[in-house]
Amino acid sequence: MKPILIIAVNAFRETVRDKILYNLVLFAIGLIVFSLMLGEWSVFARQTVISDFSLAVMSLMGLLMSIFVGIGLVQKEIQRKTILTLLAKPLPRWHFILGKYLGLLMVLALNLAFMTLVFFLILIYIGARPQANLLLAIYLIFLEMAIITAAALLFSAFSTPTMSALFTLGVYVAGHLSGDLVNHLSFIHKFGSRLPGTPVITPFTEKMIKAVYYTIPNLENFNIRARVVYDLPIGRHYILFTSLYGLAFIGIYLLIASLWFNKRDFI
Amino acid sequence: MIQVADLRKTYRIGFWRKSVEALRGVDLEVKEGDLYGFIGPNGAGKSTTIKILLGLLKAGSGRATILGLPAGTPRSRRDVGFLPEQPYFYDYLSGREFLRFYGQLSGLKWSELKVRVKEVSELVSLRPDALDRKLRTYSKGMLQRIGLAQALLSRPKLLILDEPMSGLDPLGRRDVRLLLQNLHSQGITVFYSSHVLGDVEAICTRLAMIVDGQIRRQGTVAQVLEGEAEHFHIVLTREIRADAIPKGAGQALDARSVACPDLESQRSLLQWAMAQGIGIESVSRNRHSLEDVLAVEVAKII
């Protein structure tokens, strides 16, 4: 475990010394502060608007960090050939993948914590009391980003930075749509024959939709922002099951990334 | 220390995955206590062999072991220090942070690290103030030195260096040469690839010459030069094509120089040159150097 932590700490150090991170964080903080004005302009309750907007900003910034920093972490090592001396040390390659991953998670956690602090300070400033449930929503944002980071690492283990970014973005978009697709599919199965004009789903399309659903996590599961902001109930074991669901995907993605990385030649 | 038998590697390059044979049955043996030079032209397979030994590349077929363990396994690298060709390091780290990071990965304890960082930086002549500067401010020579320092941190039994003198000025090269001799005298086995053939000839106890993915010669310097003890070096007044030289009249070393292995071939070449109206600038009797032998071996595959 020790080498993994050493690599993680170095990856953390690398990222916090990177200018791109500060630009993203400053931008995020700016947007969260901007939510104060949105709260003023909106016809809805100030606290609701600020919470909704701030959580959306955190989610978006987490996504950008996961993609830009996550892909860069491994790709930079390969392109600059710093990986040659590192992998020549007496450690298996999966230590490298896991270390890099944990390092980036530390960065994501730190940034989310910082944004949460700003967000809560703004809530306190307007006289609202931050609810504990908000932390659950932020935790699930973090988990979603942890999945996206694992996907970014997986793609960057065998692809170019641009392609990796596109693939990762693809996972994010498909992950938010796959649940809807499956819902549409079951709707068409149930009521399609009774409603004229309903498109016909071929067996191939159905298999494709199911393949996407099972290989890409349903990221809408991690979005409880609306429920938290509007104080709607959350299932008793929802957070636990969603966490296990997320961890399973992270495990699978990192396993594939490690296996792939293990096979790879470093010229 | 290192044993390589019938090692082969084929790269697939380009969109059509065209295959290029980088290693075509390499056999090599580095014994304990060797200061072993690995020479050959660019693209001959030196770096490929080294990277297979360290597990950075997967061998196509064949066998390679380091310190008795299969090459490529993490355990086989436990007592090995490595410096790649033209090393790039984390430029956001200071020299000290960099050495501590690599030392920790090599399994050194924190208390031991402090002492080792000081020792190895002195060994490679890195000033203490340089250790506190970011690596992005280092010159090429300093990067090479700190690269050597990280390879030495864990007190390796075997040091594998890929072109450790590349990019260094003459003084830097001299420093590295002296350092290699110093490490060798301390009992560390050194295996290094180099283009600086004069240095290899001067300091190596044994060497291997690789050309076109195959070991053409190996042994002590005397063994490699055996049968090539003397030759005639003829410089012509104008350039000629290598294939224009009649058979048995020598091998072109470059566009104007020809190496003739004996008196008879020298005579043939002079007669041919006169018949072609080519003047002779000089004729000298030379002992073959590694450079000559390498040129002869390379000429065989052209």
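Helix axes here are lines fitted to C-alpha atoms over the stretch in contact, and angles run from 0 to 180 degrees between N-to-C directions. Helices (H or I, at least four residues) and strands (E, at least two) are DSSP runs, numbered from the N terminus. The model is predicted: local features need pLDDT of at least 70, side-chain atom pairs count only at pLDDT 80 or more, and totals for chains, interfaces and linings use all residues. Residues are numbered from 1 along each chain as its sequence is written, and chains are lettered from A and ligands numbered from 1 in the order in which they are written.

**Chain A**

Chain A has 10 helices and zero strands. Its C-alpha trace spans about 60 × 55 × 35 Å along the principal axes. Of its 267 residues, 41% are buried (20 or more other C-beta atoms within 10 Å of a residue's own, with C-beta atoms placed from the backbone).

Helices α3 and α6 of chain A pack with their axes 8 Å apart, at an angle of about 25 degrees. That makes α3(A) roughly parallel to α6(A) (angles under 35 degrees count as such). Their crossing is right-handed: the near helix is turned clockwise from the far one by less than a right angle. Residues of α3(A) in this contact include A:Leu55, A:Gly62 and A:Ile71. Those of α6(A) include A:Ile138, A:Met145 and A:Leu153. Contact means C-beta atoms, placed from the backbone, within 7 Å. The contact residues of α3(A) with α6(A) divide into 14 nonpolar, eight polar and no charged. Ala, Val, Leu, Ile, Met, Phe, Trp, Tyr, Cys and Pro count as nonpolar, Asp, Glu, Lys and Arg as charged, and the others, Gly among them, as polar.

**Chain B**

An open sheet of four strands runs β2-β1-β4-β5 in chain B, with antiparallel pairing. Pairing takes at least two DSSP bridges between two strands. The edge strands are β2 and β5 of chain B, each pairing on one side only. Helix α1 (46-53) of chain B packs on the sheet and touches β1, β2 and β4 of chain B. Its direction makes about 110 degrees with that of β1(B). Strands β1(B) and β4(B) pair over five bridges.

| Strand of chain B | Residues |
|---|---|
| β1 | 2-13 |
| β2 | 18-30 |
| β4 | 61-66 |
| β5 | 69-70 |

**Between the chains**

In the interface, 20 residues of chain B are in contact with 18 residues of chain A. Helix α2 (95-105) of chain B gives the most to chain B's side, with three residues. That side divides into 13 nonpolar, three polar and four charged residues.

Methods. Parallel < 35°, antiparallel > 145°, perpendicular 65-115°, else oblique. Contact = placed C-beta atoms within 7 Å. Buried ≥ 20, exposed ≤ 12 C-beta atoms within 10 Å, placed from the backbone.
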